[in-house]
Amino acid sequence: MSHWIILPVVLPAMLAPLIVLGMRHDLVLQRVASVAGTLGLGAIAAHLMWRATVLGPEAYLLGNWPAPFGIVLVNDRLSALMLALAAVLALIVVLYVIGSGWDRRGRHFHALFQFQLMGVNGAFLTGDAFNLFVFFEILLIASYGLMIHAGGGARLKAGVQYVAYNLAGSTLFLFALGTIYAVTGTLNMADLAVRMAELPEGEAALARVACVLLIIVFAVKGALVPFQFWLPATYALAPGPVAALFAIMTKVGAYAVLRFGTLVYPPGSPATGDIVAQMLLPGAVLTLIAGMVGVLGARSLGRMAAYAAIGSMGTLFLAIAPFEPRASAAALYYLIHSTLAAGCLFLAVDLVTARRGDDALGPDRAPIAQGGVIGALYFAAAVAVAGMPPLSGFVGKLLVLDAVRAEPYGMWLWGAILGTSLIAIMGLGRAGSAVFWKPHGAAQPAGAHAAHAPAQPLAFVALGAGLALIVALTLLAGPVTGWLGATAAEIHTPAIYIGAVLGPAGG
Amino acid sequence: MELLVASAIGVMTASGIYLILRLRAFPVILGLSMLTYAVNTFLFVTGRLVVNRPPILSPEAAGYTDPLPQALVLTAIVISFGMTAVTVMMALGAFLETGDDRIEMTGEDEGEDEGTAGDGARAPEDAR
């Protein structure tokens, strides 16, 4: 039993109170601690990835209680991948926050940031359904604080909506967990998988109800239509870097669907059949359409980026829905890409917003300062989000298209993905030309150009690093997809996970 | 007893949902509280309803009641308590900033500072 597995939860859990209690008056110290903590998380995640690759899935028994009774954390390839992705995105965001001075505009940013990471990491690692709920709550309560960072009436109001919606979602989660416990008598995910497979005939209806409730909860987190209403206002009104960090939060929903859909409710399971796939597929197509049409129709840059995030979740769920290894590998590649791309787009939008004062897409605006560099960064992020060559969005969409080709209605899915990509390109192009090109055509009063041009080298470096990672993901697509293929094969063989948690006898 | 508990959960859930749909901060918070009461009771009975039995295995006792849901309920209560406190603070902040306790977003662009003046002017009658 390796103690490395609990470190991604313990490190931020220790660091955050230290920042609040010991460094509250010293922003520089807070920044150093936050960056060091995030770097540490990255190193731990890299080690866990290596462990998962070489040693296979490992369980960590808290308090050394035997598996179905105590609480377990499980590190397998999928968990380690998500941890690494979260750490990388967090590092980009924290550097951007320091560079752009967002952490000056309110208190306790870095502490909340570390608590958020603790919740996200815990959700990826836990092998216990009830602890998944607990970690969801931790990441949510930190996200409430981050969302209203720097205050403002509109932001607080959107924050209340976000909290109310997610509290209702949490209640639903508890109803689902209660039903699962009533049916199976366990909440350990590996044990659940075993019990669900040998469920007596009469209990199947209740198990199905619990399954549907659970998928609805994950759909709320993953912003799947018709549960996406909380996302646009929240992401558009949250501080830019916080919205970028939230790109990983929707992926927590996707991760949970993938985990439960392969482990507890595998396709063809006697109790639940293909119910998860049947629910996800139409929702995914609608999400894709709603998101990309929203990109075209948005009247502000922030909303446009938020709808782009919804659209990318649609593509992601579309690739998850078939629940077969090749599609899952494509989904994981697209998941990595879309997290980084959505994060970069939110950061680019924040750079624009900081220089224009607001993010409305109206006419008659002065050109922004440093428009050339920011325009180039926005262009690169938009290319990535839309899934155009040469960046990894194109590779990701290609993999997804290839994976859903054999599905029933495969051609309709192709139509949905390709059509919405076109709409997204139009929307992103329209917004880019309105912000970066049209102002130069309009006659400007003298001196309008001299809007404040804050020197923020670190912010540009952070965004550039994010885009560089997308380029790296494109160049290394071969090895990455190979590793992801093995990951998908692993999660589609639940016996491996069950064996790691319950021991060979239990599986 | 099953009927009593089940209908209590149902009534609390229904009134919680009704209150959430009122779209004002105070009823929404009350509604969320009702929902958490309902789900806490629901969690409590997921170990089946058993009366007058110890929550541990014991050779003397005729049976036992499942202790795990009680632990789950305790966790759920603590979390929902904390969440309710956060919601109250945020709703209060939003009310003080905008002078309005409506949950839904109003105004053309949903959210830029526009409309603050108008909302402020409406505040006295809305606050009642």
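Q: How much accessible surface does chain A have, and what share of it belongs to carbon and sulfur atoms?
A: Accessible areas come from the Shrake-Rupley method with a 1.4 Å probe, and for residues only the protein chains shown count as cover. In this predicted model, the accessible surface of chain A comes to about 16800 Å², and carbon and sulfur atoms contribute 71% of that area.

Q: Before going on, which conventions apply to the model?
A: Local features need pLDDT of at least 70 and side-chain atom pairs pLDDT 80 or more, while totals for chains, interfaces and linings use all residues. Residues are numbered from 1 along each chain as its sequence is written, chains are lettered from A and ligands numbered from 1 in the order in which they are written, and side-chain values use heavy atoms, with hydrogens and water left out.

Q: What percentage of the residues of chain A count as buried?
A: A residue is buried when its relative accessible area is under 20%, exposed when over 50%, and partly exposed in between (1.4 Å probe, protein chains only). Of the 507 residues of chain A, 63% count as buried; among them are Cys211(A), with a relative accessible area of 0%, and Cys344(A), with 2%.

Q: How many disulfides are counted over all chains?
A: A disulfide is a covalent bond between the sulfur atoms of two cysteines, and the rule applied here asks for a pair of cysteine sulfur atoms within 2.5 Å. By this rule the count over all chains is 0.

Q: What share of the contacts in chain A with a separation of 6 or more comes from residues 24 or more positions apart?
A: Contact means heavy atoms within 4.5 Å, and in chain A residues 24 or more positions apart supply 79% of the contacts with a separation of 6 or more.
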